[in-house]
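Here are my notes on this one, as a few numbered points. Have the viewer open while you read.

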Amino acid sequence: MNLLTGVESTELFGGTVSPAVQHLIDVARNAPPAQVEAALWTAAATAPDQLPVYYLLYKMHAGRGQLDLALSAASKGLSAAAKAAQLAADWRLVALGDTDFSVPGPARFWLFTLKALAFINLRKDDRDTASALLAKLRLLDPEDHLGASTVESLLREST
């Protein structure tokens, strides 16, 4: 679920959160921008296993053009999701067959966040990293269920 809007898609964005984290998200929902950021980073620091917080953070920072902060949030989210899904800590070592990425849960969130990292790196003009991330996405999601082809199109158009 997009926890700021309440739109259902819980599993894609990391699952449900604890009541304490939900409270911080509720605080962030209608707060001024500086308070939104503080509430969400507080949630990530106090409950680093709550995956939806990372989605909210990297989406917020990317939307504000704060690409270094978006990259940091997405990287932390990828790490937390890898731990929860029992995947290798280094995304480069994750292989097809390590888990079922089509099943909702931490592994699917990991894959979704890998796509976000490709997009953020592309926006930062780090084409090499974006290309490497997209190659991994093609390997792990050959049917393109998460839409990595959209980021690939942006990469091609940006040359």
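1. Ground rules. I call a residue buried under 20% relative accessible area, exposed over 50%, and partly exposed in between (1.4 Å probe, protein chains only). Helices are DSSP runs (H or I, at least four residues), numbered from the N terminus. This is a predicted model, where local features need pLDDT of at least 70 and side-chain atom pairs count only at pLDDT 80 or more, while totals for chains, interfaces and linings use all residues. Residues are numbered from 1 along each chain as its sequence is written, and side-chain values use heavy atoms, with hydrogens and water left out.

2. Helix α1. On the face turned away from its buried side, α1 carries the exposed residues Pro19, Ala20 and His23. The buried residues of α1 (residues 19-29) are Val21, Leu24, Ile25 and Ala28. Looking down the axis, these buried residues fall within an arc of 100 degrees, so they line one face of the helix; the arc is that of the directions from the helix axis to the C-beta atoms. Their cover includes α2 (33-46) and α3 (51-63), with contact meaning heavy atoms within 4.5 Å.

3. Aromatic pairs. Rings of Phe, Tyr and Trp (its six-membered ring) pair if their centres lie within 6.5 Å; planes under 30 degrees apart count as stacked, over 60 as edge-to-face and the rest as tilted. The structure holds 3 such pairs. One of them, Tyr55 with Tyr58, is edge-to-face, at 5.6 Å centre to centre and 80 degrees between the planes. The two tyrosines are 3 residues apart in α3, so about one helical turn separates them. Tyr55 counts as buried at 7% relative accessibility, and Tyr58 counts as buried at 4%. Ring pairs also bring in Phe112, giving a cluster of Tyr55, Tyr58 and Phe112.

4. Asp125 has a positive value, near 65 degrees; Asp125 sits in the loop between α5 (106-123) and α6 (127-140) and is exposed, with a relative accessible area of 59%. Phi of Asp144 is positive too, near 60 degrees. Asp144 belongs to the loop between α6 and α7 (148-157), and at 27% relative accessibility Asp144 counts as partly exposed. I'd look at both loops in the viewer.
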